[in-house]
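Some labels in a structural description rest on cut-offs.

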Amino acid sequence: MKAQLLTAPTPDGPFTILAQDGVVLASGWTAEPGELTGQIHPELRPGDVEAVTDLGPISRAVEAFYAGDPAPAMAVPVLQKSGPFRSHAWDVLRTVAAGAPVTYTEYADLSGKPKAVRAAASACAFNAAALFVPCHRVIRTDGSLGGFRWGLAIKESLLAREAKESLLAREAV
């Protein structure tokens, strides 16, 4: 079955998405599709890929995120495969509110394994669907950013964008 590949411009640079049947397999801030495919579980890697100019609801979710509404990205279907803890931890990441980052320790606790901080960090590191599974919302206990596959400048930009939108939403209430 063919997968679709889209690279879209964003304020943080080119954002590439590999999707199949409306489900994100991988995404990230790169113009090089090869930087995405290695993160996809071998059983999920598509054989054929076609370049497209629109991915419907997926494209609209990215546009909405950069227009100040991160919620639609959390509704985009994502398919990743790993062991039970990592798969669960990826689902948990989608519940972390924009503008309210958690520490790796808090993330481990939210994932049901408070002592598995390294495993929680590993779930972030092996997350193939950046933005849609918002691993950028996890920071170090001391408040520093920690790591991010797409660079700390992008992580910082994403967090700043979400903090600003969260503040604007709170002020509107």
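Buried means under 20% relative accessible area, exposed over 50%, and partly exposed in between, with a 1.4 Å probe and protein chains only. This is a predicted model, in which local features need pLDDT of at least 70, side-chain atom pairs count only at pLDDT 80 or more, and totals for chains, interfaces and linings use all residues. Residues are numbered from 1 along each chain as its sequence is written, and side-chain values use heavy atoms, with hydrogens and water left out.

Q: Why is aspartate 21 called exposed?
A: Its relative accessibility is 56%. The cut-off for exposed is over 50%, so aspartate 21 counts as exposed.

Q: Where is aspartate 21, and what is its phi?
A: Aspartate 21 lies in the loop between strand 2 and strand 3. Helices (H or I, at least four residues) and strands (E, at least two) are DSSP runs, numbered from the N terminus. Its phi is positive, about 55°, although aspartate 21 is not a glycine. The hairpin of strand 2 and strand 3 has two residues between the strands.

Q: Why is leucine 131 called buried?
A: Leucine 131 has 2% relative accessibility. Buried means under 20%, so leucine 131 counts as buried. Leucine 131 sits in the loop between helix 6 and strand 6 (138-139). Its phi is near 80°, a positive value in a residue other than glycine.

Q: Why is serine 82 called partly exposed?
A: The relative accessible area of serine 82 is 32%. Serine 82 lies in the loop between helix 3 (71-75) and helix 4 (84-93).

Q: What does serine 82 contact, leaving aside its neighbours within four places in sequence?
A: Serine 82 is in contact with Ser87 and Trp90. Contact means heavy atoms within 4.5 Å.

Q: What makes helix 4 roughly perpendicular to helix 6?
A: The axes of helix 4 and helix 6 (residues 117-125) come within 9 Å and cross at roughly 70°. Angles of 65 to 115 degrees count as roughly perpendicular, under 35 as roughly parallel, over 145 as roughly antiparallel and the rest as oblique. That makes helix 4 roughly perpendicular to helix 6. Axes are lines fitted to C-alpha atoms, for helices over the stretch in contact, and angles run from 0 to 180 degrees between N-to-C directions.

Q: Which residues make the contact of helix 4 with helix 6?
A: Helix 4 gives Phe85, Arg86, Ala89, Trp90 and Leu93, and helix 6 gives Ala119, Ala120, Ser122, Ala123 and Cys124.

Q: How do these contact residues divide by type?
A: Eight are nonpolar, one is polar and one is charged. Ala, Val, Leu, Ile, Met, Phe, Trp, Tyr, Cys and Pro count as nonpolar, Asp, Glu, Lys and Arg as charged, and the others, Gly among them, as polar.

Q: How do you know that strand 2 pairs with strand 1 and strand 3?
A: Two strands pair if DSSP finds at least two bridges between them. Strand 1 (residues 2-8) and strand 2 have five bridges, antiparallel. Five bridges also join strand 2 to strand 3 (residues 23-28), again antiparallel. Phenylalanine 15 is the bridge partner of alanine 8, and threonine 16 stands opposite glycine 28.

Q: What makes strand 2 mostly covered?
A: Six of the six residues of strand 2 (residues 15-20) are buried. Phe15, Ile17 and Ala19 are on one side, and Thr16, Leu18 and Gln20 on the other.
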